[in-house]
Amino acid sequence: MIGGQLRFALATYEVERTDQHVVLYAPVGAPGQDRDGSRDGPRGTFLRLENFADTFSPMVWAGADCLFVHHFGEPWSTWRWIEDGELRPGAYINLQEPWAATSIGWDTTDLTLDVVVDGDGAITFKDEDELDWAQHQGVYTAGDAARIREIGRRAREHVEERAWPLDVDWHRWILVLQDLPELPEAWSE
C-alpha cells in the first residue's frame, strides 16, 4: 500500500498464524499483480502515488522461494530465501508499517529502507539513496525520513541481537508444494 492505495499483490501460503505473528510462504512462480505507472528514483524503480496508473500488470515471484515472518506490531518483516529445500544464509529485513489483516490476506506500507544480512553475517542498509531521494522529492518529510532511519537502526539492533525470529529453526515453515497459490478474485479490493 502507498497512501492507502494498493501498490502490488502477491499470492502466498499462510504457513502459521498465532496471536503474535504470521508466517507466509511465496514459492517461485507465485502469481501477483504490480501497479502500472511512471517509475523514477535512483534505479528507476520508485513508484510515487501521484504516478500510479489505474491498471495492474501480472507478475510472478522469481529467484527463490521466500518465507516472510511478521511479528505483529513491529515495523518490519523478516525474509529468508529457500533453495532446494534449504535456507540460504542471511536474511532481509523489510521495513514496513505493521501488517493489517484483511478478509483476503495482509496489507502493509513499505518504508523504502531495508536491512540486509549477508551469508557471512555482515549487516548493511539497502536503498539509503532511494530514501534520501524520496525525502528530497517531498515523498517523505524530514520527520518521516528520520522515523524510517530510526526504525532501520532498531531493525539492525534486532539482527545484531539475533532476536526472534532469527533465533528459531525456520525449517518447520518450509513447504513442499505441488501447486502454486492463487490470488483471490477480490485481490484489488
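Predicted model: local features only at pLDDT ≥ 70, side-chain atom pairs only at ≥ 80, totals over all residues.
## Strand pairing

Strand E4 spans residues 31-37 and pairs with strand E1, residues 8-10. The sense is antiparallel, over three bridges. Within this pairing, Phe 8 has Asp 34 in E4 as its bridge partner.

E4 also pairs with strand E5, residues 52-60. This pairing is antiparallel too, and it runs over six bridges. Here Gly 32 stands opposite Met 59 in E5.

## Ser 77 in strand E7

Ser 77 belongs to strand E7, residues 76-83. Is Ser 77 buried or exposed? Its relative accessible area is 0%, so Ser 77 counts as buried, the cut-off being under 20%.

The side chain of Ser 77 makes a polar contact with the side chain of Trp 79, at 2.9 Å.

## Aromatic groups

The structure holds 12 aromatic pairs. One aromatic cluster is formed by Trp 61, Phe 68, Trp 79, Trp 81 and Tyr 92.

Arg 80 lies over the face of Trp 170, at 5.4 Å from the ring centre.

## Helix H1

Helix H1 covers residues 128-136, and its buried residues are Glu 130, Leu 131, Trp 133 and Ala 134. Seen down the axis of H1, these buried residues fall within an arc of 165 degrees, so they line one face of the helix. Residues three or four places apart in an α-helix point the same way, because there are 3.6 residues a turn.

What do the buried residues of H1 pack against? They pack against strand E12, residues 110-117, and helix H2, residues 142-160. After H1 comes Gly 138, whose phi is positive, near 85 degrees.

## His 158 in helix H2

Helix H2 contains His 158. His 158 has a relative accessible area of 13%, so this residue is buried as well.

Which residues does His 158 touch, not counting those up to four places away in sequence? They are Trp 76, Ala 163, Trp 164, Pro 165 and Leu 166. The C-alpha atoms of His 158 and Ile 93 are separated by 9.7 Å, with the two residues 65 apart along the chain.

Conventions: Residues numbered from 1 in each chain as written. Heavy atoms only, no water. Pairing = 2+ DSSP bridges. Helix = DSSP H or I, 4+ residues; strand = E, 2+ residues; numbered from the N terminus. Buried < 20%, exposed > 50% of the residue type's maximum accessible area, 1.4 Å probe, protein only. Polar contact = N/O pair within 3.5 Å; in protein donor to acceptor, adjacent residues only side chain to side chain. Phe/Tyr/Trp six-rings, centres within 6.5 Å; stacked < 30°, edge-to-face > 60°. Lys NZ or Arg CZ within 6 Å of the ring centre and 35° of its normal. Arc of directions from axis to C-beta. Contact = heavy atoms within 4.5 Å.
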